[in-house]
Amino acid sequence: MITHPIPPVYNSDSRILILGSFPSVKSRETAFYYGHPQNRFWNVISFVFGEDPPQTIDEKQEFLIRNRIAVWDVIASCDIEGSSDASIRNVTPNDLNVIIQGADIRAIYVNGRTAYKYYQKYTRPLIGREAVCLPSTSPANAAWSCEKLCDEWKHIIGQAANALTTIE
């Protein structure tokens, strides 16, 4: 059983929540989200918000907070072989109420089908909120080019981000 080693990133100004499934080996080693150099998350999300990709952990945290994005994972602990989502067993979910009660989250997204599956199974019944499934930025999702991911994420998250700035 491996316990999630990375705390959520959010503050009271966070409006968008993006959830992964469980940190990869590389992310656990770097102690931050989407730490594998081939994961396209930081390139995609920076494209969506029209910024240069952050490089350091401090820059990544600042990027998320500045853009009112909360990031965490659906799973608090599980059995997993390496970084393979397909091998995940014996799941204990994270308690997302920490973020939901600490911020005015207006949109929830999951990064890939595995995160969506566990969100639907464990989290949605507890918090009663829908999540939108985005195509995974993982290098294992080779069917999606970075350009295609950027277009899809910008279409979906970009609309939410624009809506948030008009209602504040």
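The following exercises, each with a worked solution, concern a predicted model.

**Exercise 1.** Determine how the rings of F32 and Y33 are arranged, and whether each residue is buried or exposed.

*Solution.* Begin with the search of the whole structure, which finds 8 aromatic pairs. One of them is formed by F32 and Y33, whose ring centres lie 5.6 Å apart and whose planes stand at 70°. Planes over 60 degrees apart count as edge-to-face, and the pair of F32 and Y33 is accordingly edge-to-face. Turning to accessibility, F32 has a relative value of 4% and therefore counts as buried, while Y33, with a relative accessible area of 3%, is buried.

**Exercise 2.** Classify the pair formed by the rings of Y118 and Y122, and locate both residues in their helix.

*Solution.* The ring centres of Y118 and Y122 are 6.2 Å apart and the planes meet at 10°, so the pair is stacked. Both residues lie in helix α5 (residues 113-127), and because they are 4 residues apart there, about one helical turn separates them. For accessibility, the cut-off for buried is under 20%; Y118 counts as buried because its relative accessibility is 7%, whereas Y122, at 22%, counts as partly exposed.

**Exercise 3.** Identify the rings over which the charged ends of K148 and K154 sit.

*Solution.* Taking K148 to begin with, its charged end sits over the ring of W144, at 4.4 Å from the ring centre. For K154, the ring is that of F47, and the charged end sits 5.5 Å from its centre.

**Exercise 4.** Describe the place of S21 and the residues that surround it.

*Solution.* S21 is found in the loop between β2 (16-20) and α1 (25-30), and with a relative accessibility of 8% it counts as buried. Once neighbours within four places in sequence are set aside, S21 is in contact with D73, V74, I75, D85, T114 and A115. With D85 there is also a polar contact, in which the two side chains are joined at 3.1 Å.

**Exercise 5.** Work out the order of the strands in the open sheet and which of them stand at its edges.

*Solution.* The sheet has 3 strands in the order β1-β4-β5, paired in the antiparallel sense. β1 (2-3) and β5 (89-93) each have a single partner strand, so they stand at the edges, with one side of each left without a neighbour in the sheet. The antiparallel pairing of β4 (residues 75-79) with β5 runs over 3 bridges, and S77 stands opposite T92 in β5.

Key
Residues numbered from 1 in each chain as written. Predicted model: local features only at pLDDT ≥ 70, side-chain atom pairs only at ≥ 80, totals over all residues. Heavy atoms only, no water. Phe/Tyr/Trp six-rings, centres within 6.5 Å; stacked < 30°, edge-to-face > 60°. Buried < 20%, exposed > 50% of the residue type's maximum accessible area, 1.4 Å probe, protein only. Helix = DSSP H or I, 4+ residues; strand = E, 2+ residues; numbered from the N terminus. Lys NZ or Arg CZ within 6 Å of the ring centre and 35° of its normal. Polar contact = N/O pair within 3.5 Å; in protein donor to acceptor, adjacent residues only side chain to side chain. Contact = heavy atoms within 4.5 Å. Pairing = 2+ DSSP bridges.
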